[in-house]
Amino acid sequence: MRDANLPVVLVLAGHDPTGGAGLVADAETVQACGGWPITVPTSLTVQCTHDVLSVTPCAPDGIRGMAWALLDEFDVAAIKVGLIADEASLDAIEDVVRACPGIPLVVDPVLRAGGGKNLSTSELIDDFRHRLLPLVDILTPNRHELARLAGAGSDNDVDRVITLLSQGCQAVLV
């Protein structure tokens with residue numbers, strides 16, 4: 001089914017029907033870098049190229065079921081997480097990640113759409129900080145996401161990165 005020499009990357013992310021972000025863009029990036037992407041949608045978006053109109057989280061049992069089926073078949077070299085749309089999705093993603101100790105975890109914390117629509121709540125960000133951030137090997141926020149994740153009390157990007165590193169994240173690429 002696949003070239004056995006390619007490293008497999010499990011991508012858990014939202015589906016952007018424009019292909020500009022999310023599962024499609026992540027899968028293309030993994031392929032361009034010489035990997036084999038396997039994908040699990042965490043949410044479905046209604047969007048155009050300039051804004052997200054709505055986000056529907058995928059069922060957490062579906063997220064888990066797809067991930068377990070893939071993990072049973074593939075030797076996964078890395079996990080990449082994108083949009084986490086709600087608490088139930090975070091629960092499912094955390095379960096999958098915790099079932100894969102030692103597999104590098106890259107997280108792109110998608111908190112806001114390019115058009116400005118918020119895609120995460122303060123409560124979900126707090127839970128992400130406490131539950132998933134300590135498991136992250138590389139976090140890839142933009143500056144807005146960095147500020148939201150670090151929270152109040154950080155005046156500049158260096159302080160914000162230090163805040164996230166102190167919460168257990170291994171590396172931050174802004």
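**Cavity and pockets**

The largest cavity has a volume of about 110 Å³. A cavity is a set of points on a 1 Å grid over the protein atoms alone where a 1.4 Å probe fits but cannot get out. A volume is the space filled by probe spheres set on the points, which are joined across faces, edges and corners. This is a predicted model: local features need pLDDT of at least 70, side-chain atom pairs count only at pLDDT 80 or more, and totals for chains, interfaces and linings use all residues. Residues are numbered from 1 along each chain as its sequence is written, and side-chain values use heavy atoms, without hydrogens and water.

**Largest cavity**
- The structure holds one cavity of 30 Å³ or more.
- Its lining (residues with an atom within 4 Å of a point) has 14 residues, with I84, P109, L111, S120 and F128 nearest the centre.
- Helix α4 (residues 122-131) gives the most, three residues; helices are DSSP runs of H or I, at least four residues, and strands are runs of E, at least two, numbered from the N terminus.

**Largest pocket**
- A pocket is an open set of points with protein on both sides within 12 Å along at least five of seven lines.
- The largest pocket has a volume of about 400 Å³.
- Among its 27 lining residues, D16, A21, G22, Q47 and V110 lie nearest the centre.
- β1 (8-15), α1 (22-32) and β2 (36-47) each give two or more residues; β1 gives the most, with three.

**Second largest pocket**
- About 200 Å³ of space lies here.
- α1 supplies the largest share of the lining, four residues.
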